[in-house]
Amino acid sequence: MGNLTATRPPQPWTAPTASDPVGATLRLPGSKSMTARALVLSALASGPSTLFRPLRARDTELMAGGLRAMGAHMSISDDERWLVRPHSLVGPAHVDVGLAGTVMRFVPPVAGLATGRVTFDGDPQARVRPLGPLIGALRSLGVRIDAPATGSLPLVVLGTGRVTGGEVVIDASASSQLVSGLLLAAPRFDRGVVVRHQGPPVPSAPHLRMTVQMLRAAGAAVDDTTPDVWTVEPGPLSGRGWEIEPDLSGAVPFFAAALVTGGEVTLQGWPRSSMQPVEQLRTLLHRMGGEVILTTAGLTVRGTGAVHGLDADLSDVSELTPALAALAMLADSPSRLTGIGHIRGHETDRIAALAREFTALGADITESADGLEIRPRPLRGGTFRTYADHRMVHAAAVAGLAVPGIEVDDVACTSKTMPEFPALWSAMVTGKS
């Protein structure tokens with residue numbers, strides 16, 4: 001008989017149910033968004049850089065691997081400190097993007113600066129994620145790219161060692177990463193870049209602000225004073241130390257647990273001044289019945305014993321949608337979450353997946369083109385499919401706090417951004433580390 005191990009499906013994970021209010025102080029892994037940007041800027045810098053407390057997960061290891069394939073020197077064996085030494089970028093090279101939007105959108109502009117052929121491909125689901133606007137923008141800036149007519153993976157960048165740069169118009173309404181990818185590499189373009197967005201609003205504006213802040217921290221001259229226009233001047237990037245903040249998106253399900261159980265969760269290591277949308281999260285959790293406090297001990301969320309419904313535009317913080325949707329399932333009034341149509345193009349169609357999986361558990365939930373309407377009613381246990389999407393696990397885990405018997409079909413997909421999630425979550429709920 002053949003070896004059946006490779007095809008054996010993952011064992012389902014039962015989301016633990018809370019019998020008491022949770023009380024936990026956690027140190028979570030670093031921000032995926034900050035780690036990815038720091039790796040790109042470090043690979044393009046004029047000197048070495050150090051990333052302190054970066055995120056070690058599939059997405060960030062794929063980013064490091066892609067940059068290393070083109071010649072950057074990466075030392076990532078130490079979990080607390082990654083060292084990056086820039087080097088001449090060359091092909092032939094292959095970049096495995098996995099299912100990481102950051103890799104598929106941040107690395108092709110870098111590949112344009114390499115000398116030689118750089119190929120890109122990834123997981124099957126990655127081939128349906130939108131790349132067309134980025135491909136068109138890079139071509140107009142002087143980069144040769146072979147790609148399918150669908151504007152998707154797999155693609156080949158035929159680098160010449162330089163990118164002319166200049167002005168480009170792009171519709172980035174599908175993802176702010178389409179703009180960030182151009183901006184991060186732009187200081188190394190001959191003429192820098194002027195990116196003009198034309199189309200529906202760019203989602204996840206805080207991520208674009210993070211890109212601009214980190215570019216400036218590396219010495220780039222960036223002008224973002226005109227709405228929907230970003231100008232980056234050509235010039236050297238400095239190697240530096242990057243202090244990576246804890247990941248806010250990964251923290252949200254843990255904070256939601258405080259609301260569901262009437263408990264308290266503190267995330268250690270939170271900076272006084274953050275590059276992530278802490279204020280938006282504070283407002284959302286407060287409206288849903290929580291208290292959010294930033295002290296020297298960290299960022300603390302306390303539940304008040306009640307969870308309230310929410311009517312909110314989440315276009316700036318769409319990564320929070322799955323955990324907030326699960327919280328809304330357990331609320332005392334209906335919720336309406338809007339401005340999130342672009343998350344249909346994330347790891348899976350998150351709007352459809354959330355509606356489908358929660359409906360199977362008895363929820364009264366309606367999807368619209370750009371959001372979800374949720375009318376709370378008692379849920380039952382059952383299988384909750386993740387579609388290889390780590391945020392779907394977060395949604396199931398939050399609901400499972402109050403609903404016994406929710407079986408997650410593939411908890412291992414959390415390795416994309418937080419391999420420790422199942423262990424951290426179970427320890428928080430059970431009070432056993």
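Modeller: Gln 177 is buried, because its relative accessibility is 15% (buried means under 20% relative accessible area, exposed over 50%, partly exposed in between, with a 1.4 Å probe and protein chains only). The model is a predicted one, in which local features need pLDDT of at least 70, side-chain atom pairs count only at pLDDT 80 or more, and totals for chains, interfaces and linings use all residues. Residues are numbered from 1 along each chain as its sequence is written, and side-chain values use heavy atoms, with hydrogens and water left out.

Gln 177 belongs to helix H5, residues 177-185 (helices are DSSP runs of H or I with at least four residues, strands are E runs with at least two, and both are numbered from the N terminus). Leaving out residues up to four places away in sequence, Gln 177 touches Gly 101, Thr 102, Arg 105 and Phe 106 (contact means heavy atoms within 4.5 Å). Gly 101 is 76 residues from Gln 177 in sequence. Their C-alpha atoms are 7.4 Å apart in space.

Now follow those partners. Helix H3 spans residues 101-111 and packs against H2 with the axes 10 Å apart. The angle is about 15 degrees (axes are lines fitted to C-alpha atoms, for helices over the stretch in contact, and angles run from 0 to 180 degrees between N-to-C directions). H2 and H3 are therefore roughly parallel (under 35 degrees; over 145 is roughly antiparallel, 65 to 115 roughly perpendicular, and the rest oblique). H2 brings Asp 59, Leu 62, Met 63 and Leu 67 to the contact. H3 answers with Thr 102, Val 103, Phe 106, Val 107 and Val 110. Seven of the contact residues are nonpolar, one is polar and one is charged (Ala, Val, Leu, Ile, Met, Phe, Trp, Tyr, Cys and Pro count as nonpolar, Asp, Glu, Lys and Arg as charged, and the others, Gly among them, as polar).

Leu 67 leads on to the core. The largest nonpolar core has 77 residues, and Leu 67, Met 70 and Phe 120 have the most contacts inside it (such a core is a set of buried Ala, Val, Leu, Ile, Met, Phe, Trp, Tyr and Cys residues joined through side-chain atoms within 4.5 Å). Helix H1, residues 32-43, gives the most to this core, with seven residues. A second, separate core of 75 residues includes Val 22, Leu 310, Ala 325 and Val 408.

Phe 120 has partners on several elements. Among them are Val 107 and Ala 111, along with Pro 108. Others include His 94, Val 95 and Val 97. Leu 153, Pro 154, Leu 155 and Val 157 are also on its list.

Two of those partners, Leu 153 and Pro 154, are joined by a cis peptide bond, with omega about -5 degrees. Pro 154 sits in the loop between strand E8 (144-146) and strand E9 (155-160). Another cis bond links Gly 91 and Pro 92, with omega about 0 degrees. Pro 92 lies in the loop between strand E5 (81-85) and strand E6 (93-96). Most peptide bonds are trans, and most residues other than glycine have a negative phi.

Arg 53 is not a glycine, yet its phi is positive, about 55 degrees. Arg 53 lies in the loop between strand E3 (49-52) and helix H2 (58-69). Arg 53 is partly exposed, at 36% relative accessible area. Tyr 387 also has a positive phi, near 60 degrees. Its loop runs between strand E22 (382-384) and helix H11 (390-400). Tyr 387 is partly exposed, with a relative accessible area of 24%.

One further buried residue is worth a stop. Ser 335, in strand E19 (residues 335-338), is buried at 5% relative accessible area. Its C-alpha atom is 4.7 Å from that of Gly 309, 26 residues away along the chain. Beyond its neighbours within four places in sequence, Ser 335 contacts Gly 309, Leu 310, Ala 328, Leu 372, Glu 373 and Ile 374. Leu 310 is also one of the residues of the second core.
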